[in-house]
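User: I would like to go through this model term by term. For each label, give me the value, the cut-off and the conclusion.

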Amino acid sequence: MSKKLRIFLAHISPPGKFKLFTPPLGVLYLAAYLREKFSVEIRVVNQPMEGWSNKQLVEQIVDFGADIAGLGYMTPSAHIAPEITLALHTASPKTLILIGGPHVIAMGKYALAETSADIAVAGEGELAFESVLQAHIEGGMDFSGIPGLIYRNKKNEIITNPGTLPVIKDLDNLPLPAYDLIDIQKYWGNPSLTLIPNRKYAAISSSRGCPYGCIYCNNIFGKKYRAYSPERVVEEIKYYKQQYGITDIDYVDDCFNLDGNRVISYAQHLLDEVGPINTAFSSGVRADLMSEEIVVALKESGMHYVVLPLESASERVQKVINKRLDIEKFSQAVETCVRHRIFTSSFTMFGFPDETEQEMNTTIRLATESPLHTCFFFIVTILPGTPLYRYAMEKSPKKVKSLSYDNIYFEKISINLSAISDEQLNKIYTRAPKEFYLKPSRFFRIIRDYPKPSHIPRKMYDFIIQSLKT
């Protein structure tokens, strides 16, 4: 009997750089899919959660005896990929190294060129990884028949196959993420994307794809929206509740509420099959699609935390960034959620192309005068592969080429494309949270609606004080 292939899947990121943790759903989905298709032994690791250095990660992969190593990462973590892949290639030259994730999707063949990896999967991973694994099992290294795959040939030349990477059309056919391969309880005691501590939660993705074209966003799963059926989503929740004893769920969809009928059906099915369960939408939902009916349905099924991203309150800027959010409906959605005692937050950004000080002040004013409980204020970060990046290349190609993402992530100016100076932009960014939080009525709402009142003195106070210090 031949030994099982060993596959090591890791989400890589410098330990200590990001203080928020969430289960690595991308590699968990991939692990579940691969072990359903093949007889393999798989290990899944979240590097920042483990606190491992790059050297320790490589040592773990080598000690595991990995035949294949798959590494996923975002752009702010891309600078460690060359070191990890070179060290792994040197220590274990027979290990096939694949890279994927948002940065690889954005950079394509350039992401492979800057590393010592063998293959780059610049898109959805399941079907592509299956084809690569099948070729590997058959004893060959011929990947020429896999559409859209990027790889090194025997001459070390980087080849991009014609076509596009295939995607899963019916998500209900996917197995549940392989939560059994991680210690889910580690995540319960660590800070997550929400401001709610100590939750027995599972992160869930109920859809893939987003039809909107926001210029600052890397659309990881493409514009074609695909969603799990309400029945399948509820079955997943039931399983996690029975298997792990979860009391909370955290949705990480790009656009959970695109299909209002699906949301209503899901909420009713959840009530019928499970009952209400604490639900957070920490990645955000589309505010101008949040009708009263949808808010009520989600509230009854357990929603107690929601993020309604605004970005900008300027209609001109909304057109420029191609989000085209209906500002009036945004305000209505905030008021509706707060009226139903749902802890409601938002995201805003300053520094969009040709954005004026007046437009930025309009955003601050709308957020401050709204009943929002919390609001996160950021400076626009220009990420590779986005339309905003291409725009910046036209305006300031030298500055773009000199960009380093090692220490930039939504809180420092990367390239200022606005109509004001760097100094003015920094002043607005610093002033915004002060104006927002120094409003007594907001503290009353926070105390009244925070999902875990006993943690307000510790968590919310720390968060607000930190915001005021920016």
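Analyst: Start with Asp354, which lies in the loop between β14 (343–350) and α14 (357–369). Helices (H or I, at least four residues) and strands (E, at least two) are DSSP runs, numbered from the N terminus. This is a predicted model: local features need pLDDT of at least 70, side-chain atom pairs count only at pLDDT 80 or more, and totals for chains, interfaces and linings use all residues. Residues are numbered from 1 along each chain as its sequence is written, and side-chain values use heavy atoms, with hydrogens and water left out.

User: Why is Asp354 called partly exposed?

Analyst: Buried means under 20% relative accessible area, exposed over 50%, and partly exposed in between (1.4 Å probe, protein chains only). Asp354 has 45%, so the label is partly exposed. Its phi is near 60°, a positive value in a residue other than glycine.

User: What makes Glu311 buried?

Analyst: Its relative accessible area is 5%, so Glu311 counts as buried. Glu311 sits in the loop between β13 and α12 (315–320). Phi is positive here too, near 70°, and the residue is not glycine.

User: How do you know that Ser282 is buried or exposed?

Analyst: Ser282 has 5% relative accessibility and therefore counts as buried. The residue lies in the loop between β12 (278–281) and α11 (292–300). Contact means heavy atoms within 4.5 Å. By that test Ser282 touches residues including Leu193, Thr194, Tyr305 and Phe347, leaving out residues up to four places away in sequence.

User: What makes the link between the side chains of Ser282 and Asp250 a polar contact?

Analyst: A polar contact is a pair of N or O atoms within 3.5 Å; within protein, one must be able to donate a hydrogen and the other to accept it, and residues adjacent in sequence count only if both atoms are side-chain atoms. The side chains of Ser282 and Asp250 are joined at 2.8 Å.

User: Why are the rings of Tyr251 and Phe281 called a pair, and of which kind?

Analyst: Rings of Phe, Tyr and Trp (its six-membered ring) pair if their centres lie within 6.5 Å; planes under 30 degrees apart count as stacked, over 60 as edge-to-face and the rest as tilted. A search of the whole structure finds 20 aromatic pairs. For Tyr251 and Phe281 the centres are 5.2 Å apart and the planes at 15°, so the pair is stacked. Tyr251 lies in β11 (248–251) and Phe281 in β12, so the pair ties together parts 30 residues apart in sequence. Tyr251 is buried at 2%, and Phe281 is buried at 2%.

User: How do you know where the buried residues of α11 lie around the axis?

Analyst: The buried residues are Ile294, Val295, Ala297 and Leu298. They cover an arc of only 165° around the axis, which puts them on the same side of α11. The arc is that of the directions from the helix axis to the C-beta atoms. These residues pack against α10 (260–273), β12, β13 (303–307) and α13 (327–339). After α11 comes Gly302, with a positive phi near 125°.

User: What makes β1 and β3 a pair?

Analyst: Two strands pair if DSSP finds at least two bridges between them. Strand β1 (residues 5–11) and strand β3 (residues 68–72) share five bridges, in the parallel sense. Ile7 stands opposite Ile68 in β3.

User: Which strands are the edges of the open sheet of seven strands?

Analyst: The order is β2-β1-β3-β4-β5-β6-β7, with mixed pairing. The edge strands are β2 (40–46) and β7 (158–160), since each pairs on one side only.
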